[in-house]
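Please look through the sequence and the 3D structure shown here before reading on. The report that follows is meant to be read with both in view.

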Amino acid sequence: MSEKLNPWEAQLTNLKHVSDLMNLDPAVYEVVSKPMAILQVSLPIRMDNGSIKSFQAFRIHHNNARGPCKGGIRYFPELNLETEKALGAWMTWKNAVVNVPYGGAKGGIACDPKTLSQAELERLTRAYAAAIADFVGIDVDIPAPDVGTTPQIMAWFADEYYKISRRIIPGIITAKPVELGGSLGRTAATGRGCYFAAVEASRTFDIPIKGATVAVQGYGNAAYYSALNFHQGGAKLIAASDTRGGVYNAEGIDPEKLMKHKAQTRSVVGFPGCDAISSVDPLTVECDILVPAALENMITMENVTDVKAQLIVEAANGPITPEADNVLDERGIICLPDILANAGGVTVSYFEWVQNRMGYYWSEAEVDQRLEKVMKTAFQDVYEYAKRYAVNLRYGAYALALDRVAEAMRLRGWI
Ligand code: NAD
């Protein structure tokens, strides 16, 4: 059988495997193997040069059995419906794993934000908010950022939504700038959550973090804050990359200085004191901990046997194909799956929504403490399920999530 490079199919493969393993009522798979609703819109925008360009955009609701749908907005040139569906489903599972009262959603615009001016980006974001306004809502579907989107984009989205609804409803979207009701600690939350999950894994599987070498693929939000937290925890960042290439230094790289270099030059490439490597090389360098933090399908049957890490922390969604995952398993490499590892982002988004709803805000220390507790509990819950079914952590996480979502569907009378 050929390798499943379609993320939606890859997601279904894991889902089916675990549903069968758990001997679940077939009605569960029947319901969750189809997204609940898909909205596709075209957004005609006047570009700065006066021309009109129409952008394709989506919003997917995968499942809302456990609460309003929640998931990010991606601005990406090759955005497609299959990947968006998978990302929406992963949000359903992720929210169930960390036990926040949400279902799963995802959305995005097929565009390259790097080639758009700020004014074009703002017009496009406002057009998207207007087009999907009836499909989202504080108790319906709450967007957030993902690849290619920023707190400023969240702010424009929120402002447009406020104008349409004639209400200031900050909880309509999360990861806003702090000045507009964003939560302290949200920007760093995904990477910080990856680190908290890794700390639990390190205790459980006896893989020390202090002194460990860490390689990250990608150097955006999730990668940077993962690298920073590992660095602060006594590990050594030795490799990082972005779309333009990568850098390697066995003696260690300062994550903050690397981020400053990237902010100035738009790439990690050329960071002083490092050897040049490719965008994908961090995946296969000699290291203890690997953090894939770019996109889907990065570890495949082509390169899986070259992976040398002992522990993989999936900051990205879907970076490993199911077939490559089996190989990692056979090789005894521990993988903290995306629906557990990178759930820190949505957890603090949930905290933001809670704070917005009560109109009272927590300190950063309070947010971090709560996040740590959620990630620890989620790891232990996943580990329990993995032991119960004698499977790896990915299947354990799917089993936990399926149990929780199935129970909500049962209680609501869907199955
Ligand atoms: P981002 O846009 O901030 O960063 C993405 C980075 O990946 C960029 O540095 C880009 O250059 C790099 N990249 C893209 N393709 C690459 C390639 N082929 N090789 C090497 N580098 C490449 O995005 P982000 O928010 O950090 O998201 C990264 C991943 O983490 C995605 O899978 C996303 O879904 C996931 N994630 C993000 C969050 C969040 O809160 N931001 C939460 C959960 C999961």
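Helices here are DSSP runs of H or I with at least four residues, and they are numbered from the N terminus. The model is a predicted one, and the places described below should be read with that in mind.

**A residue inside helix 11**

Thr347 lies in helix 11, which covers residues 344–358. Is Thr347 buried or exposed? A residue counts as buried when its relative accessible area is under 20%, and because the value for Thr347 is 0%, Thr347 is buried. Not counting residues up to four places away in sequence, Thr347 touches Val98, Leu371 and Val374.

**Helix 1 and its surroundings**

Helix 1 runs over residues 7–21, and its 15 residues should span 21 Å at 1.5 Å a residue, which agrees with the 21 Å found between its end C-alpha atoms. The N-terminal end of this helix is capped by Asn6, which places a side-chain oxygen 2.8 Å from the backbone nitrogen of Trp8. After helix 1 comes Asn23, a residue with a positive phi near 60 degrees.

Several residues of helix 1 are buried, including Pro7, Trp8, Ala10, Leu12 and Asn14. The elements against which the buried residues of helix 1 pack are helix 2 (26–32), strand 2 (52–63), helix 3, helix 9 and helix 13.

Which residues is Pro322 in contact with, if its neighbours within four places in sequence are left aside? They are Lys4, Ala10, Thr13 and Asn14. Although Pro322 and Asn14 are 308 residues apart along the chain, their C-alpha atoms are separated by 7.1 Å.

**Helix 5**

Helix 5, made of residues 151–165, has 15 residues and reaches 21 Å from its first C-alpha to its last, close to the 21 Å expected at 1.5 Å a residue. Among its buried residues are Ile153, Met154, Trp156, Phe157, Glu160 and Tyr161. The buried residues of helix 5 pack against strand 3 (69–75), helix 4 (118–132) and strand 5 (141–145). Just after the helix, Arg166 takes a positive phi of about 55 degrees.

**Asparagines in loops**

Most residues other than glycine have a negative phi. Asn99 has a positive phi of about 60 degrees although it is not a glycine, and Asn297, also not a glycine, has a positive phi of about 55 degrees. Asn99 is found in the loop between helix 3 (81–97) and strand 4 (103–109), whereas Asn297 is found in the loop between strand 10 (289–292) and strand 11 (311–313). With a relative accessible area of 46%, Asn99 is partly exposed, and Asn297, at 23%, also counts as partly exposed.

Asn392 is found in the loop between helix 12 (364–388) and helix 13 (393–411). Why does Asn392 count as buried? The reason is its relative accessible area of 16%, since buried means under 20%. The side chain of Asn392 reaches the backbone nitrogen of Arg394 at 3.2 Å, and, leaving aside its neighbours within four places in sequence, Asn392 is in contact with Asp329 and Ala386.

**The ligand and its shell**

The ligand is surrounded by 25 residues, of which the closest are Asp146, Thr190, Ala222, Lys262 and Asn317. By class, this shell has nine nonpolar, 11 polar and five charged residues. Helix 6 (186–205), helix 7 (221–232) and strand 7 (236–242) each supply at least two residues of the shell.

| Residue | Part of the residue | Distance to a ligand oxygen |
|---|---|---|
| Asp146 | side chain | 2.7 Å |
| Asn317 | side chain | 2.8 Å |
| Tyr219 | backbone | 3.2 Å |

Taken alone, the ligand exposes 820 Å², and the protein buries 86% of that area.

Definitions and conventions:
Residues are numbered from 1 along each chain as its sequence is written. This is a predicted model: local features need pLDDT of at least 70, side-chain atom pairs count only at pLDDT 80 or more; totals for chains, interfaces and linings use all residues. Side-chain values use heavy atoms; hydrogens and water are left out. A residue is near a molecule or strand if one of its heavy atoms lies within 4 Å of it. A polar contact is a pair of N or O atoms within 3.5 Å; within protein, one must be able to donate a hydrogen and the other to accept it, and residues adjacent in sequence count only if both atoms are side-chain atoms. Accessible areas come from the Shrake-Rupley method with a 1.4 Å probe; for residues, only the protein chains shown count as cover. Ala, Val, Leu, Ile, Met, Phe, Trp, Tyr, Cys and Pro count as nonpolar, Asp, Glu, Lys and Arg as charged, and the others, Gly among them, as polar. The expected span of a helix is 1.5 Å times one less than its number of residues. Buried means under 20% relative accessible area, exposed over 50%, partly exposed in between (1.4 Å probe, protein chains only). Contact means heavy atoms within 4.5 Å.
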